Amino acid sequence: MTDRITKEQRSKNMSAVRSRGNKTTEIELIKQFRRGKITGWRRNQKIFGIRPDFVFWKQRIAIFVHGCFWHGCKKDKTIPKTNRIFWEKKIENNKKRDRISSEILKKNGWKVMKIWEHDLKKKGFKINFKDIV
C-alpha cells in the first residue's frame with residue numbers, strides 16, 4: 001500500500017510530533033499534580049542515564065508517561081499500514097528500552113510508575129497520590 005502523502009510531507013508531519021510536553025500525556029499529568037497539590041517533582045531528570053518523564057527524588061519514584069502509539073499499548077494498538085516493518089521494529093525497540101529502564105531503576109531501589117495515555121484521557125482518572133507522597 002502506498003502512502004497518501006509525499007515522503008517529504010510525511011517527514012514534516014512526523015518531525016512535528018513532540019517527544020516532550022505532549023498535551024495528552026505530560027501536560028495533563030502536570031495539571032493533575034497541581035490540582036492534587038503534589039510538589040517535589042522534576043521533569044526529565046537523568047537517573048543512571050535514564051530520563052523518566054517525572055522524578056520524585058526524595059521518594060525515589062520515577063514516572064513514565066507512555067503514549068499509546070509510541071510504546072505499543074495493547075489496548076490501543078495501531079500500526080500504520082505503510083512502512084509497517086519499520087514501525088513494528090521501532091515500537092518493539094521502544095518497549096525493550098522501557099523494560100530495561102524499569103529494571104535498572106528497580107535494581108537501584110527506585111519505584112517505577114507507568115501511566116498510559118489512554119488512562120490519562122479517561123474521564124475521572126486520578127493518580128493514587130499516596131504512592132507518591
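Figure 1. Let's start with Glu88, which is partly exposed with a relative accessible area of 37%. In this predicted model, the side chain of Glu88 meets that of Arg84 in a salt bridge, at 3.5 Å from N to O. Arg84 counts as partly exposed too, at 37% relative accessibility. Both residues sit in helix α3, four residues apart, or about one turn of the helix. An α-helix has 3.6 residues a turn, so residues three or four places apart point the same way.

**Figure 2. The whole chain, for orientation.** Before the next close-ups, here is the overall layout. The chain has four helices and four strands, and from the N terminus on these elements run α-α-β-β-β-α-β-α. Of its 133 residues, 38% count as buried. The accessible surface comes to about 9,400 Å², with 51% of this belonging to carbon and sulfur atoms.

**Figure 3. Along helix α3.** Helix α3 covers residues 84-107, and its 24 residues should span 34 Å at 1.5 Å a residue; the end C-alpha atoms are 35 Å apart, which agrees. Which residues of α3 are buried? They are Trp87, Ile91, Asn94, Asp98, Ser101, Ser102 and Leu105. Asp98, with a relative accessible area of 10%, forms a salt bridge with Arg97, and their closest N and O atoms are 3.9 Å apart. Arg97, by contrast, counts as partly exposed at 45% relative accessibility. Just after α3 comes Gly109, which takes a positive phi of about 85°.

**Figure 4. An aromatic cluster around Phe33.** Phe33, Trp41, Phe54 and Phe56 form one aromatic cluster. A search of the whole structure finds nine aromatic pairs. One of them joins Phe33 and Trp41 in a tilted arrangement, 5.3 Å centre to centre with 40° between the planes. Phe33 and Trp41 are both buried. The rings of Phe33 and Phe54 also have centres 5.3 Å apart, but their planes stand at 90°, so this pair is edge-to-face. Phe33 belongs to helix α2 (residues 26-35) and Phe54 to strand β2 (residues 54-56), so the pair ties together parts that are 21 residues apart in sequence. Phe54 is buried, at 0% relative accessibility, and Phe33 has a value of 0% as well.

Figure 5. Side chains of opposite charge can pair when their charged atoms come close. Here, Glu26 and Arg43 meet through their side chains in a salt bridge of 2.7 Å, N to O. The pair links distant parts of the chain, with Glu26 in helix α2 and Arg43 in strand β1, 17 residues apart.

**Figure 6. A nonpolar patch on the surface.** Phe48, Ile100 and Ile104 form this patch, with about 250 Å² of accessible area together. Phe48 lies in the loop between β1 (41-43) and β2, and is partly exposed with a relative accessible area of 48%.

**Figure 7. Gln59 in its loop.** Gln59 is found in the loop between β2 and β3 (61-66). Gln59 is partly exposed, with a relative accessible area of 30%. The C-alpha atoms of Gln59 and Trp41 are separated by 9.7 Å, and the two residues are 18 apart along the chain.

Methods. Residues are numbered from 1 along each chain as its sequence is written. This is a predicted model: local features need pLDDT of at least 70, side-chain atom pairs count only at pLDDT 80 or more; totals for chains, interfaces and linings use all residues. Side-chain values use heavy atoms; hydrogens and water are left out. Helices (H or I, at least four residues) and strands (E, at least two) are DSSP runs, numbered from the N terminus. Buried means under 20% relative accessible area, exposed over 50%, partly exposed in between (1.4 Å probe, protein chains only). Accessible areas come from the Shrake-Rupley method with a 1.4 Å probe; for residues, only the protein chains shown count as cover. Rings of Phe, Tyr and Trp (its six-membered ring) pair if their centres lie within 6.5 Å; planes under 30 degrees apart count as stacked, over 60 as edge-to-face and the rest as tilted. Patches are made of residues with over 30% relative accessible area and no salt bridge: like charges are joined within 9 Å, nonpolar side chains (Val, Leu, Ile, Met, Phe, Trp, Tyr) within 5 Å. A salt bridge is a side-chain nitrogen of Lys or Arg within 4 Å of a carboxyl oxygen of Asp or Glu. The expected span of a helix is 1.5 Å times one less than its number of residues.
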